[in-house]
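Please examine the sequence and the structure shown below before reading on.

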Amino acid sequence: MTSTTAAAKPWRFTSLQEDTVITAAGVAATAVFVAGTAAVFSPLALGLAAGYCALKVGHTYAAMAFRPIRDQALKSMHKSRHYKPVPADSKIVALVAEQSKRLGWAEAPPVYLVDAKTVAKMALPFGLRWLMNNPKTRNTVMPKVFAAVPGMNIIFTTQEALNTMHDEQLAFITAHEMSHLKKEALSLPVFVKAAKQRLTQGLGGLVLIGGGLALAGVSVPLFTGGAIVAMVGLVGATVAAGVINNIGVRTYERRADRNGLYLNQAEATLANSVESFKAARSVFEKLHDKALWAAKKELLLTEIFLTHPSQRRRDIALKRSFAHVVNHIDPNADAKVLLREMDQVQKPAFNGWFNG
Ligand SMILES: [Zn+2]
C-alpha cells in the first residue's frame with residue numbers, strides 16, 4: 001500500500017505528439033478549406049471569409065491564452081447571469097476543495113450553476129435551441145450537465161444535476177472534471193473544435209456571400225465541375241476536422257475517467273479503488289441517455305460524431321484504468337478478480353449514449 005504522496009502517480013495527460021496530430025488535422029482542414037474557397041469564389045469573398053475565420057479563431061484562442069481576456073469573458077458572463085456561483089455550503093464545493101488539495105493546487109476552481117437557456121446555448125446550434133423549451137427534454141438533459149472549462153479554470157453544472165447525484169457519484173464527477181482542468185490539458189482540442197465550428201460557419205457565410213454576389217449579377221462559377229468538387233472538399237474538410245477532434249476528445253475523456261478514479265481517493269488503496277470504480281460506474285449508468293440518441297448500439301459510425309465514448313466503451317476503458325491504478329498501488333494485485341467480483345454484484349445495463 002502506498003499513499004497519494006508516492007512520487008509516481010498514474011496520471012496521464014495529452015502527449016505532444018497527440019496534440020500535434022490534432023492540430024495538424026485542423027490546419028490541413030483549414031488549408032483545404034482555403035484552397036477550395038479560392039476555386040469556388042472570387043478573391044474578395046475568399047478574403048472576407050478568411051478574415052472572418054481568422055478573427056473568430058483568434059478571439060477563441062486569445063481568450064484561452066491570456067488571463068485578463070479570460071477573466072473579462074467570465075465577468076461578462078456573470079453580468080448576463082449565465083453563470084451563478086453555487087452556494088458555498090454546497091457539497092460540491094467541499095469536494096472540489098478537497099481534491100484541489102490532493103492535486104496541490106493553491107486555489108480550488110469555482111463551481112457555477114447554469115440554467116436551461118444557457119445549456120441550450122452551449123449544447124445546441126442556433127435555430128435548434130428551442131428544443132430545450134420542451135419539458136421532457138429539459139428534464140432529461142438538466143440533471144446530467146457537468147463540464148469543466150479549462151480555458152477559464154471553472155466547473156459548471158446545474159441545480160438539477162446537484163439534486164440528482166449522490167455524494168459518491170458527485171465525488172467521481174468532480175475528480176473527472178478536475179482532471180480536465182489539470183494543466184489546462186483540453187485547451188488544444190477545444191481550440192481545434194472552435195476552429196472547426198468557425199470553418200462550418202465560414203462555409204455557410206461563403207454560400208451566402210456567393211449567392212449574394214450571384215444575385216447582384218457578379219459572375220460566380222458555382223456550377224462548374226471544379227467548383228462542385230471544391231464545395232464537396234470544403235464540406236469534407238470540416239467534417240474530417242470534427243471527426244479527428246472527436247477522437248482526441250474521447251481519448252481525453254477516457255483519461256479523465258482514469259485520473260478521476262485515482263484522484264477520488266484520499267488514500268490510494270485497493271479498497272478505495274474498488275469504491276471509486278463503483279462510483280464511476282454508477283455515474284455512467286445515471287448519465288446514459290436512451291431518449292437523446294436513436295442509435296442504441298455501439299456503432300463506430302455514430303461514435304465518430306461524438307465527443308464522448310459510449311457507455312459500454314467507457315466501461316471497458318474504465319476497467320483497464322482500474323487495473324492500471326490498482327497495479328500501481330499493489331503490483332501483485334489481481335485486478336481481474338476484483339472486477340469479476342464487482343460484475344457479479346452489479347453488472348451495468350448498457351442501453352444508450354450519453355454526454356458528460
Ligand atoms: Zn469529461
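Which residues in α4 meet which residues in α8? The model is predicted, with local features needing pLDDT of at least 70 and side-chain atom pairs counting only at pLDDT 80 or more, while totals for chains, interfaces and linings use all residues. Residues are numbered from 1 along each chain as its sequence is written.

The residues that meet are tabulated here; contact requires C-beta atoms, placed from the backbone, to lie within 7 Å.

| Helix | Residues that meet the other helix |
|---|---|
| α4 | Lys-91, Ile-92, Leu-95, Val-96, Gln-99, Leu-103 |
| α8 | Asp-167, Leu-170, Ala-171, Thr-174, Ala-175, Met-178 |

The residues of this contact comprise eight nonpolar, two polar and two charged. Here Ala, Val, Leu, Ile, Met, Phe, Trp, Tyr, Cys and Pro count as nonpolar, Asp, Glu, Lys and Arg as charged, and the others, Gly among them, as polar.

The secondary structure of the chain comprises 14 helices and four strands, which are DSSP runs numbered from the N terminus (helices H or I, at least four residues; strands E, at least two).

Glu-253 touches His-308 and Pro-309, residues up to four places away in sequence not being counted. The C-alpha atoms of Glu-253 and Glu-177 are separated by 9.4 Å, although these residues are 76 residues apart along the chain. Of the 356 residues of the chain, 35% count as buried.

Methods
Contact = placed C-beta atoms within 7 Å. Buried ≥ 20, exposed ≤ 12 C-beta atoms within 10 Å, placed from the backbone.
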